[in-house]
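Have the model open beside you.

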Amino acid sequence: MSNTTYLHNWNPDLCIQLKSQANVRADFNRFLVKHIPSTEAIQQGQEFEDADREGFVLQLKSRFDEAIEENASHQTLYALYLRVSQYLRWCDKEGVWSFTQSSIEGYMNHQNERVMRGELKSSSYQTIHANIMIAFTQYLDLPRSYFNNVVVRDRSDKESYEAYTREDLKQILPFLRALFKQTHQQFIDDPERHIKAPLNIPTMTFHWKGSEYKLCGAISKMMAAATFLMAYYTYANTSELFKLKQPENASTTLGELWYTMPAFKRRAFKTIRVEMGAHELEIPKYSMDFFDKLLEASRLISDGENALLLQTITSKKVHPLATNTLQNFLRGWLEKHFTFTDQTGRRLRPVVSRFRESGAQLTTFHQGEMANNIMLDNTLEVRKKNYSEGNKQSNKGMMQDTMAIREEQARSGVKTEEARKNSGIDVLVIEKENAINLPNLSRTSNGGSCDDPFGSKSQKYSKKAHKQGLAKEGERLACADLLGCFGCPHQVIVQSVADIWCLLSFRACIEESLYLHLDAHHYRKNFEQVMVFIDSEILPKIHSKIVKQAQEKLDDDGLHPAWDEPESILYLIPERQQENV
């Protein structure tokens, strides 16, 4: 005899608990009755009208079970579940039979009319169309001919995420930093009090611009603020941030191991690394103090094996931070008590994707397109679609600067710099928007860095370049003696996988250049000192884990692009020595 207990007309076998960020469920009991009531309403025994679609619902549930066994994304399944529920609500409201060709055409025509009225974007319509077609043809085996008369739209109106302007960040960041700092201090002073407190009881206070705010569910607010700050410091996307685990080893001492945490990207089926430090993404050093505090708070919440970095507590239970946590923070609290507006008068709020777009613009400006591609770790199509347009207001300012300078050039026949001065433009908009405090290190292409790139050694390069007409009078060139770096007191080696990979590639390129020399004597004369220094003074002092990962990257990805040809190393040899090669 079955021991399954049915709560009124609710069957637990028709409910699937999905493992998504929001810990949601796909309850197919709701589809069996009209107007898709909540699970709680059905469990309470309220009366509902049967929808007469049990066969389709049972088949849909069965296909969901099969998809889960095949390791399908739970988040994708929930998106399909929500789309079907919206379709069924429309059918019940309009009084039409569901899962028929006429109902599909009617529902999609309703969505198309919303597009024409400006209520829905064409790109959103295309997503609805795609989801409904997948659910009906792949999960319910309905014929594709049902969609023959459905309007097809493109995604041409899809907009890139808009970067924050410098003024936007000046409003948002101090608020988030203050909120996290204050809540963190109160949490570590008495963690048990806040962990055990009911959600409707305020346990913390937040002071902002002379006002005091009582905080309920304060741990979630603390971790939501931390999530947005992490998005600003790392430029990572939401899914990567939510998957970050507490690092096992962490040190903020320069020259030791930095914070690195693996984040699995499902569609790419590979693990990337989100790095905290002033080397990889030029993150300011003060962010490390924030990260210390975040890690401390996270471990007080839970420090078990594989504990996540971003987690919270509700009803005395530990939960991973999820999208709905951020939404509740924004809509349920922040927007009720605080009003931030941008330069155009629009409401300003923290958004992970906008921080990521801001990071994309900064990285491209300071480090180039290649560094930006590495940082975003998305396909070219995704980068062009979502992270390439910057901020509309800043773009207008940059265009005005350009037009003013070009107009002065045409009128006066002067060069760009003089035209800029004549136009009274002291600081370009693009320079103002992308101004950041970079660490006092200049990267070199041999995998190291220099703490004095414009020191005395750079003078001879600048002087020589002036004589050859390669640099303007007064222009200073950074020291470019890449072989002379090794043993130079200004050389700095940062312990990041990317930098050590570049260093190992530089070393491998030197080794492979042996066949380009006349004999071993000439090879040793050119490079022996450098090789000995790398092997005896640098690599033994690098954390073994970093060296191992860099070596694996070298084996898997090959040589760094700067050193993928042995011939490239020969250009570093002084001219008199090259003649003997």
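A: A crossing is called left-handed if the near helix is turned anticlockwise from the far one by less than a right angle, and right-handed if clockwise. Helices (H or I, at least four residues) and strands (E, at least two) are DSSP runs, numbered from the N terminus. The model is predicted, with local features needing pLDDT of at least 70 and side-chain atom pairs pLDDT 80 or more, while totals for chains, interfaces and linings use all residues. Residues are numbered from 1 along each chain, and side-chain values use heavy atoms, without hydrogens and water.

Q: In which hand does H6 pass H8?

A: H6 passes H8 in a left-handed crossing.

Q: At what angle do H6 and H8 pack?

A: Two packed helices are described by the angle and the distance between their axes. Axes are lines fitted to C-alpha atoms, for helices over the stretch in contact, and angles run from 0 to 180 degrees between N-to-C directions. Here H6 (residues 166–189) and H8 pack at about 135°, with axes 9 Å apart. H6 is therefore oblique to H8; under 35 degrees counts as roughly parallel, over 145 as roughly antiparallel, 65 to 115 as roughly perpendicular and the rest as oblique.

Q: Which residues of H6 meet H8?

A: Contact means heavy atoms within 4.5 Å. Among the H6 residues are Leu-169, Leu-173 and Phe-180, and the H8 side includes Met-222, Ala-225 and Leu-229. The contact divides into 14 nonpolar, two polar and two charged residues. Ala, Val, Leu, Ile, Met, Phe, Trp, Tyr, Cys and Pro count as nonpolar, Asp, Glu, Lys and Arg as charged, and the others, Gly among them, as polar.

Q: How do the axes of H4 and H5 cross?

A: The axes of H4 (residues 101–116) and H5 (residues 122–139) come within 9 Å and cross at roughly 165°, which means that H4 is roughly antiparallel to H5. This crossing of H4 past H5 is right-handed. Its contact includes Tyr-107 and Met-108 of H4 and Ile-128 and Ile-132 of H5, with eight nonpolar, four polar and no charged residues.
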